[in-house]
Amino acid sequence: MKEIIVEGGSPLRGDITVQGAKNALLPILAASILTQDEIELTNCPHLSDAVCMLAMLRDLGCRTEETDGTIRVCARDLAEMPLKDALTCRLRSSIFILGPLAARLSHATLGYPGGCDIGLRPIDLHIKGLRALGVTVTEEEGHIHASCTRLRGAEVYLDYPSVGATENVMMASALAEGETVIHNAAKEPEIVDLQNFLNQMGGRVAGAGTGHITVQGVKKLHGCRYEIMPDRIATGTWMIASVLTKGDIYLRNAIGEHVAALTNKLRDGGAEIKKDGDGLRVRMHKRFRAGGMVETMPYPGFPTDLQSPMMTLLSVADGTGMLMENVFENRLRLAGELKKMGADITVRERLAIIKGVQKLKGAQVHTFDLRGGAALVLAGLAAEDETRITDDHLIERGYDRLEETLYALGARVRVRE
Ligand code: EPZ
């Protein structure tokens with residue numbers, strides 16, 4: 001457990017480079033299993049989730065190396081062995097390994113995935129998609145067993161545009177016999193990044209970013225070098241931080257299109273957001289104005305991963321705002337911690353009604369999940385005096401050096417281990 005201590009009141013000002021995307025890196029690391037050659041990934045963020053994923057790959061017999069933003073993986077000698085539950089239960093993205101393993105080995109055994117406690121997070125769509133490709137998947141004694149002699153292409157219909165299930169099927173079908181079409185596929189930019197990576201390996205994937213993805217299976221995939229896309233959720237978190245503190249931040253490498261839904265809401269509330277060279281500049285001179293409803297939905301809608309930082313911003317906005325969390329059924333727990341800081345929030349099932357207050361008060365609060373933890377650090381920036389955030393190392397799962405970056409932008413923040 002660590003404690004982050006934040007003194008409120010300083011506007012954030014300066015230039016930062018947006019980190020590589022956690023939710024692109026994790027499936028791409030899983031996809032590295034699909035070839036016996038070495039792959040090299042650049043612009044990799046340093047995150048505990050990536051460290052854990054690399055540990056799982058090493059458990060499977062992969063050689064891995066991470067030096068200063070570059071990760072190398074070689075899955076030449078894959079071993080058919082069950083992955084340690086202690087590792088699989090820490091990450092949602094451990095489930096991404098199932099598809100690639102089924103494509104490379106005839107058998108795979110995994111513990112159930114973990115990840116942020118934001119809902120039940122079933123894996124039925126992953127299993128349904130892999131079964132459609134000819135993988136026999138059984139669930140016994142708390143483990144998932146997959147066996148497959150030869151993957152064959154199929155029509156896969158996802159009942160919900162699940163990001164992870166889309167990615168699992170894309171990866172497995174890349175080495176299947178024949179064509180696979182994924183209907184109602186997720187459209188997130190991370191899906192496009194995975195498509196680009198698979199094609200860089202010699203795959204034949206098309207349609208990522210639309211609801212229909214077509215994969216022509218190939219016999220073999222080869223090594224490659226690939227640059228991970230910028231993280232749109234980190235970008236959005238910094239945009240909200242600038243608006244919240246009436247600051248002025250330049251976000252190098254930020255891709256405006258990836259944060260269009262958030263930009264629309266922030267501009268409605270009075271923020272100045274401009275494309276400037278290879279990034280975005282986000283400025284705010286006055287108190288943010290709340291404006292009606294923010295609904296989370298699959299991309300290109302408002303991202304569920306920015307719902308918590310948005311709740312923090314609305315808690316000190318001028319007026320009343322509403323947040324409807326449509327993606328995960330347990331992602332409004334931040335409200336209870338913000339109320340300890342004086343926020344006026346009413347939660348009814350998946351709806352949060354937030355009446356903005358002038359200032360939050362410093363308090364002792366606790367992180368429940370990755371994005372809620374970041375949102376509490378932002379709340380400390382908007383509070384009078386000192387906020388102490390106890391964090392079970394959740395924030396570093398998704399933010400690369402959050403505290404150091406805040407400090408460089410002028411925030412008064414320190415960490416006690
Ligand atoms: C990915 O999770 C991201 N994680 C999440 O980011 C993100 O919030 C989410 O996509 C939505 O954008 C990674 O990419 C590692 P889903 P994933 O499958 O794949 C239901 C963060 O903070 N569902 O699109 O788990 C599910 O319960 C994390 O960076 C099924 O019912 O998301 C949820 O209600 C949090 N059955 C909805 O779909 C399934 O088999 C969306 O889940 C799979 C999902």
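**The ligand site**

Author: The residues of the shell around the ligand comprise nine nonpolar, five polar and seven charged ones. The model is a predicted one, and the description below should be read as such. There are 21 residues around the ligand, and those that come nearest are Asp124, Leu125, Ser162, Asp305 and Val327.

Several secondary-structure elements contribute. At least two residues of the shell are supplied by each of helix H1 (22-31), helix H5 (124-132), helix H6 (163-173) and helix H12 (370-381). Of these, H5 gives the largest share, three residues.

At the level of domains, the shell draws on domain 1 (2-19 + 230-416) as well as domain 2 (22-227), and the ligand therefore lies between them. The space that the ligand takes up is the largest pocket.

Lysine 22 has a polar side-chain atom 2.9 Å from an oxygen atom of the ligand. Arginine 371 also uses its side chain: one of its N or O atoms there is 2.8 Å from an oxygen atom of the ligand. Valine 327 takes part through its backbone, with an N or O atom 2.6 Å from an oxygen atom of the ligand. As for burial, the ligand taken alone exposes 830 Å², and the protein buries 91% of that.

The peptide bond from tyrosine 299 to proline 300 is cis, with omega near 10 degrees. Proline 300 belongs to the loop between strand S17 (292-295) and helix H10 (307-315). The other detail concerns asparagine 43, a residue other than glycine whose phi is positive, near 60 degrees. Asparagine 43 is placed in the loop that runs between strand S3 (38-42) and helix H2 (48-59).

Technical notes. Residues numbered from 1 in each chain as written. Predicted model: local features only at pLDDT ≥ 70, side-chain atom pairs only at ≥ 80, totals over all residues. Heavy atoms only, no water. Near = heavy atom within 4 Å. Polar contact = N/O pair within 3.5 Å; in protein donor to acceptor, adjacent residues only side chain to side chain. Areas by Shrake-Rupley, 256 points an atom, 1.4 Å probe, with all protein chains shown as cover. 1 Å grid on protein atoms, 1.4 Å probe; cavity = no way out; pocket = protein on both sides within 12 Å on 5 of 7 lines; lining within 4 Å. Sits in = over half its atoms within 2 Å of the grid points. Helix = DSSP H or I, 4+ residues; strand = E, 2+ residues; numbered from the N terminus. Nonpolar A, V, L, I, M, F, W, Y, C, P; charged D, E, K, R; others polar. Domains from an automatic or database assignment.
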